[in-house]
Amino acid sequence: MHDYRKVSRASRWLDVRRRKLGMWAYALNRITGIALVVYLYLHLVVLSLLLRGPGAWDSFVALARSPFYLTLDVILLAGILIHGLNGLRIALTGFGIGVGAQKALFTILMIVSAIALWVAALKIFRI
Amino acid sequence: MTENPFAEEPKPTSAWLWQVFTGVGLVILLGLHFIANHFVAKGGLRDFTEVVAYLRDPLILCLEVLFLLCVTTHALLGVRAIFLDFGPSELAERRLDQVLKVVGVLTVAYGLGVTWMVIR
Amino acid sequence: MNMLKVPLQIFRYKPDQPPRYDTFTVEVPDTAHVIDAIDAAWAVHDQSLTFRRACHHSSCGSCAFRINGVEKLPCVTRVTDVWDGLTPLRLEPLRNFPIVSDLVVDVSDFFQRMSAADMTITCEAEAFLPFTVDSFAVAELEPKVVELPENFSRFNRFEQCIECGICMSACPTMAADERFLGPAGLAAIYQARNKTDDPKKVAHLLGLADGEHGVWRCHSAFECTEACPQAVDPAGKIMALRRELIARRFSKLFGK
């Protein structure tokens, strides 16, 4: 608390001990957000394989159908669901809707994410 | 008597609003994109011929371009929010905005470029 | 009434020394509040221990600090409510304020924020009847009309906020952004806005809240509302301000 260096102050949101649900939601949103930005640019780079023609792209797709990559897909989807649904909660409360119910909203949306993730994972691995 | 810095009206900002609009847009567009590219084609992921056919559909092309614009805007606004938490000076803030605008334009240009090369 | 021997682990900081924690064991009744314990530490162990306190009943907002990492008003927090009977009770100053000495923080910037919204330190008394509780987003508090007892013709309704700074300490954005108006500052703007019909004043107040370091910097952690000892619901007020600012933008857009 006596440390006023900017990096230390900018990373205080990471310490969620003794914090309430809203703070956990914020930290989760930020972490998934950072991960998704990294994924976005990785994905855009991978798309350049399309410029190398069917050979390059189709070999990549074959790789992407492996269990390891499918698992990564499920993790990606988890990040998307958490960030997206929590983001909807932030949008709603930010417009003044459901502010009193923000904790319940977070819990419900995370349960919905978990269910959606489970269903999607089953479909992903069955393909 | 020194001026109260908090009593001066600042410049209004719409960044958060754009973040929310693109975010809500993404729930729909990303949802469609994910489903279309993971679950619709036989075998889930699309091979080269399937990607070309997919992007040549005019409606799909519009949605994917809109998706690209939304996701780039949303991602870079998010990055900007994180950097703002490092308490940059006014000058640093302006530089940050300039850099992010350039990155955004380059990202969208790249995406459009790759799409064009694939479908022509 | 039983006596308790309570170990206190207190954050110490003097400008010419590095920060440290001192452990003092104090003997207080089991009905004591944490402020009594720290009073005892001062009286018995170390009179260089610095802390603020005044009213001892959560009206002045002076004494706020962190107990085991959580912001509280020690004057209304019983020792038995926060002490597990074994581990030392950790007492630390509020987050996000410069530390003056030990548990005392520099609140000058904080009061500048409050005064920007014209909410000066002396609460403006409002006498009106009946009154409603102005916390639309706090589920536990229902708006209610209070009937005055027979002999009373009027009474004063003070602002809910006691300017204790707890919300500012709990807020993760206050940690990161020194120019953020903060939950207290923004709640004050909302409060001041609701007290006036003058369009120029309203526009000015909303303008204060509309910047990069105003309502839009809030990341919806809601820690402020959770930590507030007075049910001010600063988060709810920030969201209400946002709603009004958005509505104004839309009206401007459509030329109304």
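I started with the contacts in chain C between residues at least 6 apart in sequence: 62% of them join residues at least 24 apart. A contact here means that the C-beta atoms of two residues, placed from the backbone, lie within 7 Å. The model is predicted, so I note its limits: local features need pLDDT of at least 70, side-chain atom pairs count only at pLDDT 80 or more, and totals for chains, interfaces and linings use all residues. Residues are numbered from 1 along each chain as its sequence is written, and chains are lettered from A and ligands numbered from 1 in the order in which they are written.

Next I looked up burial. Of the 256 residues of chain C, 43% count as buried. The cut-offs: buried means 20 or more other C-beta atoms within 10 Å of the residue's own, exposed means 12 or fewer, partly exposed lies in between, and C-beta atoms are placed from the backbone.

I found 9 helices and 9 strands in chain C. Helices (H or I, at least four residues) and strands (E, at least two) are DSSP runs, numbered from the N terminus.

I followed β1(C) to its partners. With β2(C) it runs antiparallel, joined by 10 bridges. With β5(C) it runs parallel, joined by 3 bridges. Strands pair if DSSP finds at least two bridges between them. I picked out one residue pair for each partner. Q9(C) has T23(C) in β2(C) as its bridge partner. I10(C) has L91(C) in β5(C).

I then checked helix α1 of chain C, residues 34-44. V34(C), I35(C), D36(C), A37(C), I38(C) and A41(C) are buried there. What covers them? The cover includes β1 (3-12), β2 (20-29), β3 (65-67), α2 (79-82) and β5 (89-92) of chain C.

L8(C) ties these elements together in my notes. Leaving out residues up to four places away in sequence, L8(C) touches T23(C), F24(C), V26(C), A37(C), I38(C), A41(C), P88(C), L89(C) and L91(C).

**Nonpolar cores**

I listed the cores, each a set of buried Ala, Val, Leu, Ile, Met, Phe, Trp, Tyr and Cys residues joined through C-beta atoms within 7 Å. The largest has 81 residues. Those with the most contacts inside it are L8(C), A37(C), C167(C), L186(C), I189(C), A209(C) and L241(C). Helix α6 (residues 182-194) of chain C gives the most to this core, with 7 residues. At least three residues come from each of domain 1 and domain 2 of chain C. Apart from this core lies another, of 5 residues, among them C70(B), V71(B), A75(B) and L76(B).

**Domains of chain C**

I took the bounds from the domain assignment: domain 1 is 3-105, and domain 2 is 108-121 + 159-253. Such bounds come from an automatic or database assignment. The C-alpha centres of the two domains lie 29 Å apart. Their contact takes 11 residues from domain 1 and 12 residues from domain 2. By class, the domain 1 side has 5 nonpolar, 4 polar and 2 charged residues. The classes: Ala, Val, Leu, Ile, Met, Phe, Trp, Tyr, Cys and Pro are nonpolar, Asp, Glu, Lys and Arg are charged, and the others, Gly among them, are polar.

**Chain B**

Chain B has 4 helices and 0 strands. The C-alpha atoms fill a box of roughly 75 × 25 × 25 Å along the principal axes. Buried residues make up 18% of chain B.

Where does chain B meet chain C? The contact takes 14 residues from chain B and 19 residues from chain C. Helix α1 (residues 15-40) gives the most to the chain B side, with 3 residues. That side has 8 nonpolar, 3 polar and 3 charged residues.

**Chain A**

I counted 20 residues of chain A in contact with 27 residues of chain C. α1 (6-10), α2 (21-46) and α4 (67-94) of chain A each supply at least two residues of the chain A side. By class, that side has 8 nonpolar, 7 polar and 5 charged residues.

Last, I looked up L76(A), which sits in helix α4 of chain A. Why does L76(A) count as partly exposed? Because it has 16 C-beta neighbours inside 10 Å. L76(A) and F95(A) are 19 residues apart in sequence and 28 Å apart in space, C-alpha to C-alpha.
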